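The tour takes in salt bridges and then a pair of packed helices.

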Amino acid sequence: MKKLKRISWLFVVIMLFTAFFGCFDPKNNTDNQERVTLRLFLNSGHLFDGVEKDSVWKKIEEDLNITIRVEGATHNSDYYTTLNPMLNTGDFPDIIFSVPSNNGTAFHNWSNQSTGILWNLDLLIAQKPGAYPWIEKILNSDQYKNIKYDDAHTLLPYVTSPNGWGIYYRTDWLINVGFVNEDGSAKIPATMDEFEEVLKRFTLNDPDQNGQNDTWGLAPGSGVHNWAPLYHAFGVRPDYDIYNGEVQYMYTTEEFKNFLAWANQMYKNGYIYPQFNTNINNQDRDFFIDGKTGILITNAEQHVTWIMNPLEAKHGKGKVQFGEPPVGTANIGKPGAGGFSDWGGWWGGFSITLACKNPHAAMKLLNYLYSPEGNMLRIYGIEGKHYTLDENGKVIPNLEERAKEPSNRFMESKDQEGNIKPFGKYRLGATFGEFIDWSEFDEKGVIKAKIDPATLDYYYQDLIAEGMAKNKVVASSLKNITAWPYSILLSMNRIEDISSSFANNAILGTKNLTTDWNKMISDCNNAGYANVKRTIKEVAQSLGVI
């Protein structure tokens, strides 16, 4: 009863706010003839700010009777240093893209249904029943229904693959150090025992055959997540999960402690680049590209181009393969455990601000872009103009027509002759997430991103497909739950800082796994760990997740 009263009260507050800002005016929506202008702040939106509109952009506007203005920044430190001051001064776009985990506690403040600035999308759906079926499918799905803030769906998830990472191996190095199959071809490590053996040989056996001791097995990035497919082999699961009936955070588990002991031994053996903890801004990739390491753990979809082009320029073609995440054994890790982290199949999402003069126009736009028709348009362009479908339903890009659009509107990659052509996705449309495979939803009730390797890189599409095929994931039973009280969120952030910063020091050997480990756990407890674990379990139980 208390919850119902609270919802009713919130509804009144929002409707009063709506009346003040003119957010819901039946005379000013896309069902009428008056043209609506929507201002969007997006990831990489600065690339479309003030530019000439292309034919896809114009078609979306004409189909929906709206005008779209786009602005934004690259999604790094510049993004929120641009967006936050705008929102703080009341300079509200109509739709904003945000990654809640990347902007501290700001998104939770924006979502506050008493004092915040974002619409509860469920209220907009209720005002026009049946008008936004694709948004409803997303928000009501088992995958995304628990992505709430202040008990409200204030974010429409940007749908992506659950994990787009891979493990790159230098196959010529594997052959040079004798780690081969019976036919003499490179053998890709399948277990942690084999992975450790390759680390050793890549460090000690002169894999580049230059007669010098100047290589390492691995030079991971400084973030602990760069080790994920290795610590998962010890039975660690992403983020918070249930271990032996108790909620625990991944970096505080005994399983992670066991991983740290192994990683520290690899470091002592010299198989890990000594200053790996300073590898920022993709320096781990530089080591791999420069031929100083033979293994790289990083993105295996969008970023293959940036890695393989310079690597092949230095070392030649056909010298890289992807491997599956190595599984634990009785000797190293937990037998049979392994995988890449399942991050839930979303990366931030889109919100409608309360200052939007026509939130239903914003909803109509988002619903269309997520629909099957909008999916095709925003990824591939206009059918019959920018692409055609063959008898098997495969997309055949029309390069000539794509080239007629304003510069750089379709992502480019090289063909087999090295010519750069617009094979890829429509750039502005791609800012709204991956292609949603609605046939998968109809068949299995699962919302899945359908990634076409050719749209990422035509030249390297086979390698990307190989990486995708080997991307086996491990998930937490508590994934995609965000409905934490604000105080709990603050504690969770602090616990992550404490435990993750301990990890690199433990691998480096500057922290031990006895007294220092106990001190780290104590610090987490002082940050409210017991309360966090209790609250997470209660929320998960109330949602029927556990």
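A salt bridge here is a side-chain nitrogen of Lys or Arg within 4 Å of a carboxyl oxygen of Asp or Glu. Keep in mind that this is a predicted model. The structure holds 24 salt bridges.

**Stop 1: Asp-214 and Lys-292**

Select Asp-214 and Lys-292. They form a salt bridge, with 3.4 Å between the closest N and O atoms. Now trace the chain on either side. Asp-214 sits in the loop between helix H8 (192–204) and strand E6 (216–218). Lys-292 sits in the loop between helix H11 (283–289) and strand E9 (293–299). The pair links distant parts of the chain, 78 residues apart. Asp-214 has 15% relative accessibility, and the limit for buried is under 20%, so Asp-214 counts as buried. Lys-292, at a relative accessible area of 29%, is partly exposed.

**Stop 2: Lys-314 and Asp-290**

Next, select Lys-314 and Asp-290. Their closest N and O atoms are 3.2 Å apart, in a salt bridge. Lys-314 belongs to helix H12 (residues 304–315), while Asp-290 is in the loop between H11 and E9, so the bridge ties together parts 24 residues apart in sequence. Buried or exposed: which is Lys-314? Lys-314 is exposed, with a relative accessible area of 52%. Asp-290 counts as partly exposed, at 40% relative accessibility.

**Stop 3: Arg-237 and Asp-241**

Move to Arg-237. Arg-237 forms a salt bridge with Asp-241, and the closest N and O atoms are 2.6 Å apart. Check the surface at Asp-241: at 3% relative accessibility, Asp-241 counts as buried.

**Stop 4: a network**

Select Arg-35, Lys-53, Glu-61 and Glu-62 together. A network of salt bridges links these four residues.

**Stop 5: H2 against H13**

Switch to cartoon. Select helix H2 (residues 55–64) and helix H13 (residues 359–370). How do their axes cross? The axes come within 11 Å and cross at roughly 125°. The crossing of H2 past H13 is right-handed.

Bring back the side chains at the contact. From H2, show Ile-60, Asp-63 and Leu-64. From H13, show Lys-364, Leu-365, Tyr-368 and Leu-369, which the H2 residues meet. Color by class: the contact has five nonpolar, no polar and two charged residues.

Notes: Residues are numbered from 1 along each chain as its sequence is written. This is a predicted model: local features need pLDDT of at least 70, side-chain atom pairs count only at pLDDT 80 or more; totals for chains, interfaces and linings use all residues. Side-chain values use heavy atoms; hydrogens and water are left out. Axes are lines fitted to C-alpha atoms, for helices over the stretch in contact, and angles run from 0 to 180 degrees between N-to-C directions. Helices (H or I, at least four residues) and strands (E, at least two) are DSSP runs, numbered from the N terminus. A crossing is left-handed if the near helix is turned anticlockwise from the far one by less than a right angle, and right-handed if clockwise. Contact means heavy atoms within 4.5 Å. Ala, Val, Leu, Ile, Met, Phe, Trp, Tyr, Cys and Pro count as nonpolar, Asp, Glu, Lys and Arg as charged, and the others, Gly among them, as polar. Buried means under 20% relative accessible area, exposed over 50%, partly exposed in between (1.4 Å probe, protein chains only).
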